[in-house]
Amino acid sequence: MEFAGINHTIESFASVFPQPAKKPLIVNANFAVNDLSVKSFLGKNCINQKMKGLSFFTIDIKSLPMGVYILSLIGEKDQYFELLFAKS
């Protein structure tokens, strides 16, 4: 990808399913995840977890009310990735 003469390669990727989710949310990343956080669309911090370098895992979201959330993943090599998911 190139913007105004700057080369930028997107190397980190992650996906979540099912969409919308009830319980649990399944995360598949192409990098080792150390930390994750889930925030409401209004910015309220809902979940924080240490992941110990996992790249495929589930998150228990049954306590979250219905809505749209932002999942932030931080990798071992300082990768940072955000995804939106819906809780039904």
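## A tour of the strands

The protein exposes about 5900 Å², and carbon and sulfur atoms supply 57% of that area. This is a predicted model.

**Start with the whole chain.** Colour by secondary structure. You will find seven strands and zero helices. From the N terminus on, the order reads β-β-β-β-β-β-β. Of the 88 residues, 34% are buried. Take the contacts between residues at least 6 apart in sequence: 48% of them join residues at least 24 apart.

**Select residues 67-75 and 80-87.** These are strand β6 and strand β7. The two pair in the antiparallel sense, over eight bridges. Together they form a hairpin, with four residues between them. Stop at Asp 78 in the turn, where phi is positive, about 65°.

**Stay on β7 and show side chains.** In a regular strand, side chains alternate between the two faces of the sheet. The covered face of β7 holds Phe 81, Leu 83, Phe 85 and Lys 87. The uncovered face holds Tyr 80, Glu 82, Leu 84 and Ala 86. Now pick Leu 83. Leu 71 stands opposite Leu 83.

**Jump to Val 16.** Look for this residue in strand β3, residues 14-17. Is Val 16 buried or exposed? Val 16 is buried, because its relative accessible area is 12%, and buried means under 20%.

**Show what surrounds Val 16.** Leaving out residues up to four places away in sequence, Val 16 touches Leu 25, Ile 26, Val 27, Leu 71, Leu 83, Leu 84 and Phe 85. Finish with a distance, C-alpha to C-alpha: Val 16 and Leu 83 lie 7.8 Å apart in space, and 67 residues apart in sequence.

Definitions and conventions
Residues are numbered from 1 along each chain as its sequence is written. This is a predicted model: local features need pLDDT of at least 70, side-chain atom pairs count only at pLDDT 80 or more; totals for chains, interfaces and linings use all residues. Side-chain values use heavy atoms; hydrogens and water are left out. Buried means under 20% relative accessible area, exposed over 50%, partly exposed in between (1.4 Å probe, protein chains only). Two strands pair if DSSP finds at least two bridges between them. Contact means heavy atoms within 4.5 Å. Accessible areas come from the Shrake-Rupley method with a 1.4 Å probe; for residues, only the protein chains shown count as cover.
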